[in-house]
Amino acid sequence: MTTPILEMIDIQKHFGRIIALSGVSFSVMPGECHCLLGDNGAGKSTFIKTMSGAHTPTGGEMRVAGDTVHFTSPREALAAGIATVYQDLAMIPLMSVSRNFWLGREPEAGFGPLRWLDFKKADAITLEQMKQMGINLREPGQAVGTLSGGERQTVAIARAVYFGAKVLILDEPTSALGVRQTANVLTTIDRVRKKGIGVVFITHNVRHAMAVGDRFTVLNRGKTLGTADRGHISSEELQSLMAGGQELAQLEASLGKTI
Amino acid sequence: MTSTTSTDERLKRNSLLRRALVRPELGAIGGTAAVFAFFLILAGGTQMFALDGVINWGTVSAQFIVLAVGVSLLMIAGEFDLSLGSMVGFSGMVFGLLVVHVGIPVWLAILLTFVVCALIGTINGVLVIRTGLPSFVVTLAFMFILRGATIWSAITFNKQPVVSGIGDAAAGDPIAWLFGGKAFTGLFTWLGQQGIIETYTRGTRAGQPIVDGIPMLILWAIGLVIVGQWVLTRTKFGNWIYAAGGDPQAARNVGVPVARVKVLMFIVAAICAALLGISQAIEFGSAASDRGIMKEFEAIICVVIGGALLTGGYGSVVGAALGAIIFGVVQQGLFFTNVESSLFRVFLGTILLGAVVANTYIRRSITGER
């Protein structure tokens with residue numbers, strides 16, 4: 001058995017008297033898409049921030065490729081190969097795709113102290129990376145604002161992958177998207193997984209999770225309710241685990257399985 | 001192999017016109033052309049487009065440009081500085097008092113003035129970043145503080161609001177000519193002797209050219225525009241300026257030192273104001289406490305005409321310079337055409353409104369908002 005690329009063991013996080021996470025265990029293998037499901041308030045955000053280094057856990061252990069780590073900032077997590085693509089994406093709509101792609105890590109040319117942006121390199125790599133993700137840009141100088149939500153999501157993912165992410169944490173990447181765009185993002189997730197990157201796909205949409213997930217973990221009230229492999233759990237079971245129970249089962253019966 | 005460079009069928013092809021429209025400078029280019037056409041027709045026969053007329057409105061434009069370059073970079077980084085007009089008066093006064101009343105050499109006074117203004121720029125910037133208050137409010141406070149300090153120090157140390165006697169002190173100084181002098185004087189004398197440009201026909205300066213050189217401020221303006229535009233559009237730091245104004249949080253997330261970028265832009269703007277203040281003091285030979293009034297707003301208007309968004313993240317140094325040229329040409333053109341000069345204000349307000357409305361449309365077409 002291979003070592004998980006990222007392993008969270010019995011993670012706890014308290015904010016004063018509030019217990020946000022009370023023992024969450026979770027792991028990602030290289031090339032795996034592990035879905036983390038949970039309703040609003042289940043502790044997903046806190047858990048993401050813990051994985052990405054924005055929160056330090058109150059208790060528990062974090063391992064990257066088998067080694068115990070203690071992140072004190074997102075920068076350290078990023079350096080260890082854990083990249084997070086947040087819902088709000090961190091894209092600047094008025095700037096071009098290429099400028100956004102390279103922001104903070106711009107390639108430079110020049111001599112001595114006189115240095116300028118290497119647009120040729122930046123644009124070529126951006127175009128190529130976007131093409132690999134299935135997006136044909138008209139031109140790398142196109143503003144991010146002209147892209148659809150799904151395409152922006154893909155730019156953010158491509159950027160993280162290009163800059164060496166080993167684990168990609170996607171925070172509700174499909175929640176604000178239409179059907180077609182969602183399909184595009186799910187395809188992107190599949191592409192990333194095939195590169196051997198571990199994907200943590202956070203969502204509250206069971207159908208989206210079932211479409212690409214290899215494993216499923218349900219988070220409820222700050223605890224993991226268990227992890228299931230693909231094919232060993234049905235979407236109905238996932239759905240009721242997420243909602244934590246019976247009310248939904250009753251509701252579902254009366255609505256005829258439409259939720 | 002078939003061509004697979006097909007475009008996404010969901011994206012409508014942008015028309016050429018639409019694509020040209022998203023360049024920030026477009027409006028300013030059109031405006032500049034319109035303004036020149038207008039005055040060529042109305043004032044084509046006057047001195048306006050003779051050499052001395054060109055130098056005249058060129059110098060006025062250069063004054064606007066020097067400030068507009070700093071303000072455009074600051075505004076693209078997402079901040080305002082309303083204290084810059086006061087800073088023009090303040091820097092001239094600090095410089096004048098240092099030279100005339102403290103009696104230090106002019107070059108040292110120039111250096112100290114730049115340092116003082118850079119410090120005030122830093123204070124402005126740090127206050128804005130630390131408090132999280134809108135720069136509009138913080139710098140509005142400094143607009144009053146600096147103006148008051150300028151008048152107070154002139155009255156206290158000089159007994160009157162104008163400090164004169166800078167001209168004598170600046171004569172023979174190693175660097176003062178860089179700010180108040182003229183360039184290419186030899187060339188212009190030669191051109192005059194060859195009869196290529198007009199010379200005085202009588203009086204004590206008979207035989208000398210009417211235009212004896214290019215004011216240094218014009219060269220400063222050209223240099224600042226080239227360097228400013230290059231840094232903004234071609235360097236890593238320029239990318240950070242756009243990002244700091246476009247979405248500071250997103251920029252921070254990818255490691256852009258947003259606070260440092262913004263404070264630095266406050267300093268650059270303050271230094272541009274000081275450059276203008278010192279140049280005027282040396283050129284006129286005096287420092288007056290009312291210099292630079294309204295300059296901060298005029299600079300903002302230049303920058304907006306140049307295509308910058310008031311919300312930051314978008315704009316151009318070249319555009320701002322063209323906005324400044326529109327200003328200089330119209331202000332001086334009204335003089336040449338004998339039009340009541342108060343109409344200049346009417347023009348300002350009108351063109352500002354037009355530019356802001358146009359920019360809003362452009363922004364929508366870039367970001368796809370409705």
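How many helices and strands does chain B have? Chain B has 16 helices and four strands; both are DSSP runs, numbered from the N terminus, with helices (H or I) of at least four residues and strands (E) of at least two. The model is predicted, so local features need pLDDT of at least 70 and side-chain atom pairs count only at pLDDT 80 or more, while totals for chains, interfaces and linings use all residues. Residues are numbered from 1 along each chain as its sequence is written, and chains are lettered from A and ligands numbered from 1 in the order in which they are written.

The C-alpha atoms of chain B fill a box of roughly 80 × 50 × 45 Å along the principal axes. Of the 370 residues in chain B, 46% are buried. A residue is buried if 20 or more other C-beta atoms lie within 10 Å of its own, exposed if 12 or fewer, and partly exposed in between, with C-beta atoms placed from the backbone.

Helix α10 of chain B covers residues 216-234. Its 19 residues should span 27 Å at 1.5 Å a residue, and its end C-alpha atoms are 26 Å apart, which agrees. The expected span is 1.5 Å times one less than the number of residues. Buried residues of α10(B) include B:Met216, B:Trp220, B:Leu224, B:Gly228 and B:Leu232.

Two loop residues of chain B have positive phi. Most residues other than glycine have a negative phi. Phi of B:Lys159 is near 65°, and B:Lys159 is in the loop between α6 (135-158) and β1 (162-164) of chain B. With 7 C-beta neighbours inside 10 Å, B:Lys159 counts as exposed. B:Met294 has a phi of about 75°. B:Met294 lies in the loop between β4 (286-288) and α14 (295-305) of chain B, and counts as exposed with 10 C-beta neighbours inside 10 Å.

Chain A holds an open sheet of six strands in the order β6-β9-β10-β3-β11-β12, with mixed pairing. Two strands pair if DSSP finds at least two bridges between them. β6 (82-85) and β12 (223-229) of chain A each have a single partner strand, so one side of each is left without a neighbour in the sheet. Strands β3 (residues 33-38) and β10 (residues 198-203) of chain A run parallel and are joined by five bridges. A:Cys33 has A:Val199 in β10(A) as its bridge partner. Helix α6 (residues 179-194) of chain A lies across β3, β9 (167-171) and β10 of chain A, at about 155° to β10(A). Such angles run from 0 to 180 degrees between N-to-C directions, with axes fitted to C-alpha atoms, for helices over the stretch in contact.

An open sheet of four strands in chain A has the order β2-β1-β4-β5, with antiparallel pairing. Its edge strands, β2 (18-28) and β5 (67-69) of chain A, each pair on one side only. Five bridges join β1 (residues 6-15) to β4 (residues 59-64) of chain A. A:Gln12 stands opposite A:Gly59 in β4(A).

Between the chains, 19 residues of chain A are in contact with 24 residues of chain B. Contact requires C-beta atoms, placed from the backbone, within 7 Å.

Terms used. Two residues are in contact if their C-beta atoms, placed from the backbone, lie within 7 Å.
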